[in-house]
Amino acid sequence: MTGPLEPPARPLDPAHGRHLLLQMLRVRRLEEKCVELYSAAKIRGFLHVYIGEEAVAAGVLETLEPDDAVLATYREHGHALLRGVPAGAILAEMYGCVEGCCRGRGGSMHLFDAATRFYGGNAIVAGGLPLAVGMALADKMSGRSRATVCFFGEGAVAEGEFHESLNLAALWQLPVLFCCENNLYAMGTALGRSESQTDIALKAAGYEIAAWAVDGMDVLAVEDAARRAVEAVRAGGGPHFLELRTYRFRAHSMFDPERYRDKAEVAQWLERDPIALLRASMEAAGQLSAQEWSQLQADADAEVTAAVGFAETGTLEPVEDLARFVYSERTGDRAGERAGDNGAGAGGRRSRP
Amino acid sequence: MKSSYREALRAGIRDAMLRDERVFLMGEDVGSYGGSFAVSLGLLEEFGPDRIRDTPLSESGFVGAGIGAALAGMRPIVEIMTVNFSLLALDQIVNNAASLLHMSGGQFNVPIVIRMTTGAGRQLGAQHSHSLEGWFAHIPGLRILAPATLADARGMLWTALQDPDPVLIFEHGSLYNVAGELDDDAGAVDIDTAAVRRPGTDITLITYGGTLPAVLDAAGQLEAGGIDAEVLDLRTLRPLDDAAILASVRKTHRAVVVDEGWRSGSISAEISARITENAFYDLDAPVGRVCSAEVPIPYAKHLELAALPSVDRITAAARQAVSAGG
Ligand SMILES: Cc1ncc(C[n+]2csc(CCOP(=O)(O)OP(=O)(O)O)c2C)c(N)n1
């Protein structure tokens with residue numbers, strides 16, 4: 001099962017194609033706005049944008065059900081958005097407002113949302129992998145057929161937790177899908193300078209995990225591979241692994257002067273912009289009119305504009321509440337008695353756009 | 001009934017497994033081997049390999065998996081062989097278990113219980129003998145327990161499992177074989193408050209976990225010398241029961257903290273500071289401390305003993321406090 005997956009024979013349904021285009025555009029516009037807001041000092045801290053990698057989140061998340069769980073890294077705005085976290089709650093979080101999806105305590109790198117089973121937002125490279133293994137373990141022990149999907153960069157492959165997690169997941173045959181977003185650089189460290197074996201799918205296969213390498217710039221290929229993998233995971237087929245070969249068009253973070261890669265390389269990858277690729281193929285097939293394309297852009301713009309408005313009018317959490325949520329708030333009997341998921345705990349839900 | 005500390009711990013685990021099917025035990029050698037300190041001996045036969053789950057040597061991986069399982073609705077008990085090995089899982093404990101509730105704005109509880117052995121006294125050398133619970137007590141978001149008695153060993157686990165937040169339980173290695181009477185109906189115990197193990201009027205000896213027996217011995221010797229010592233067992237290192245500490249010190253006007261951790265930056269330093277901050281004018285003498293020597297714990301018996309708080313050092317510190325000032 002390892003190695004590049006045969007591309008699917010795909011008579012594309014035009015409506016579905018436009019949907020995927022919109023999903024990628026929504027992420028792109030949100031991220032472009034984040035960069036703008038960061039430059040305007042509305043957003044602070046570290047900001048890592050996903051521009052160029054949209055096909056990965058769009059293709060994978062398309063295949064999930066509401067009861068599946070998703071974990072991601074600090075480059076997770078797009079994952080959160082496409083998982084269903086409202087853009088307004090994401091931006092308000094970066095503004096540090098109580099209307100943010102974590103009441104301003106998480107920020108750009110720590111987006112969480114119980115309602116959509118979005119579990120981060122983890123800024124420790126590889127830190128989310130053991131969590132994903134445990135969530136899948138809980139599902140397996142409880143006899144639930146749902147999947148846990150964990151996104152991480154290729155930099156995480158060098159961490160011990162990557163290996164511990166893959167071994168555990170395979171040993172216990174857990175329903176987890178590992179999605180390695182291989183954008184070739186961990187900050188400034190090229191994959192070849194950090195790994196003795198740069199074929200990551202092959203490395204995963206060494207743990208007896210079904211692993212495929214996929215063109216991460218082709219959203220249809222990503223969706224197809226993810227669908228097969230998620231279905232197998234949910235059906236009890238054990239862990240699966242996708243190496244999604246992609247590229248980030250922007251710097252690692254807003255502080256990165258990008259001295260480690262040359263302009264020609266970036267330009268080459270820009271030719272493979274996942275949005276442009278799908279748009280071009282749909283236009284060539286007569287599946288996307290100029291008017292439909294403008295409409296998709298207008299829709300994405302409108303959502304982001306509304307989200308900015310929501311964040312701009314947000315309220316700051318009172319400083320007197322600083323110490324909340326360090327320990328659970330107890331109301332009479334201990335909250336630990338709650339059954340099922342530990343979502344929607346002491347914090348309660350907020351109003352959202 | 002007669003019980004050892006080890007058996008009391010096992011009874012607590014067994015009880016929790018029977019009461020709540022979400023509870024499972026996971027760790028290195030907890031199953032077939034019976035637990036490296038024989039705490040889980042026999043539980044595999046009773047509950048099966050799904051719920052008494054042997055893990056590979058991957059502290060970060062299986063502690064993180066425990067945190068994930070807790071996030072997804074289970075009530076995992078994760079055993080780490082010793083606190084020294086917990087350092088390999090420090091990232092998961094500090095950056096995930098302790099932080100997720102706050103980072104998520106109150107959305108995600110992590111109701112995990114992590115048990116591990118701590119402490120020296122068995123000639124196991126530096127890498128198996130350290131007392132790092134004070135470090136963990138530094139971390140907001142964690143609750144840190146140190147059962148020193150059979151009743152606490154039996155009862156703290158269930159209370160900890162009811163807690164919606166991550167709880168770390170530190171079992172001192174020298175306590176496992178301690179035996180005594182345990183009430184037949186022993187059950188869950190409070191984990192919010194410290195306990196006065198011996199009331200007294202002249203000085204407060206503050207301790208927890210593995211040093212409680214030595215402190216009680218010291219109190220007995222002091223009594224023979226005319227000093228009536230109160231012994232306060234902290235039981236919980238985070239959050240500290242300030243009220244109990246201050247109430248006792250305000251009564252006796254003197255305090256010595258006994259802690260098997262190293263003195264610099266220790267939990268005893270924190271306790272001493274709190275007493276000074278809050279009860280300075282009640283004190284008749286400076287707060288004393290008896291801690292481990294600031295060396296990696298040595299193997300040789302005489303050196304190891306010299307490094308640890310001893311009954312003699314405790315009584316000496318208490319006498320010094322009593323003779324100082326009024
Ligand atoms: C354990 C750890 N070490 C170092 C860092 C600092 N750091 C942040 S992002 C990053 C690069 C990670 O690269 P990769 O996993 O490929 O993800 P990408 O940023 O490319 O999406 C590093 C080293 C960290 N956050 N966590």
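User: Is Arg115(B) buried or exposed?
Analyst: This is a predicted model. The relative accessible area of Arg115(B) is 3%. The cut-off for burial is under 20%, so Arg115(B) is buried.

User: Which side chain makes a polar contact of 2.7 Å with that of Arg115(B)?
Analyst: Arg115(B) lies in strand 5 of chain B, residues 113-118. Leaving aside neighbours within four places in sequence, its contacts include Ile13(B), Leu25(B), Val39(B), Leu157(B) and Glu171(B). The side chain that makes the 2.7 Å polar contact with Arg115(B) is that of Glu171(B).

User: How many charged residues are in the contact of helix 5 of chain A with helix 3 of chain B?
Analyst: From helix 5 of chain A come Pro130(A), Leu131(A), Val133(A), Gly134(A), Met135(A) and Ala138(A). Among the residues they meet in helix 3 of chain B are Gly61(B), Gly64(B), Ile67(B) and Leu71(B). The residues of this contact divide into nine nonpolar and five polar, and the number of charged ones is none.

User: Is the crossing of helix 10 of chain B and helix 11 of chain B left-handed or right-handed?
Analyst: Helix 10 covers residues 242-252 of chain B, and helix 11 covers residues 267-279 of chain B. The two axes come within 10 Å and cross at roughly 65 degrees. The crossing of these helices is right-handed.

User: How many charged residues does the contact of helix 10 of chain B with helix 11 of chain B have?
Analyst: Asp242(B), Ile245(B), Leu246(B), Val249(B) and Arg250(B) belong to helix 10 of chain B. They meet Ile271(B), Arg274(B), Ile275(B), Asn278(B) and Ala279(B) in helix 11 of chain B. By class, six residues are nonpolar, one is polar, and the charged ones number three.

User: Which residue's backbone oxygen does the side chain of Thr207(B) reach at 3.0 Å?
Analyst: Thr207(B) sits in strand 10 of chain B, residues 203-207. Thr207(B) counts as buried because its relative accessibility is 0%. Beyond neighbours within four places in sequence, its contacts include Leu212(B), Asp233(B) and Val258(B). The backbone oxygen reached at 3.0 Å by the side chain of Thr207(B) belongs to Val258(B).

Conventions:
Residues numbered from 1 in each chain as written. Chains lettered and ligands numbered in written order. Predicted model: local features only at pLDDT ≥ 70, side-chain atom pairs only at ≥ 80, totals over all residues. Heavy atoms only, no water. Helix = DSSP H or I, 4+ residues; strand = E, 2+ residues; numbered from the N terminus. Buried < 20%, exposed > 50% of the residue type's maximum accessible area, 1.4 Å probe, protein only. Polar contact = N/O pair within 3.5 Å; in protein donor to acceptor, adjacent residues only side chain to side chain. Contact = heavy atoms within 4.5 Å. Nonpolar A, V, L, I, M, F, W, Y, C, P; charged D, E, K, R; others polar. Axes fitted to C-alpha atoms, helices over the stretch in contact; angles between N-to-C directions. Left-handed = near helix turned anticlockwise from the far one by under 90°.
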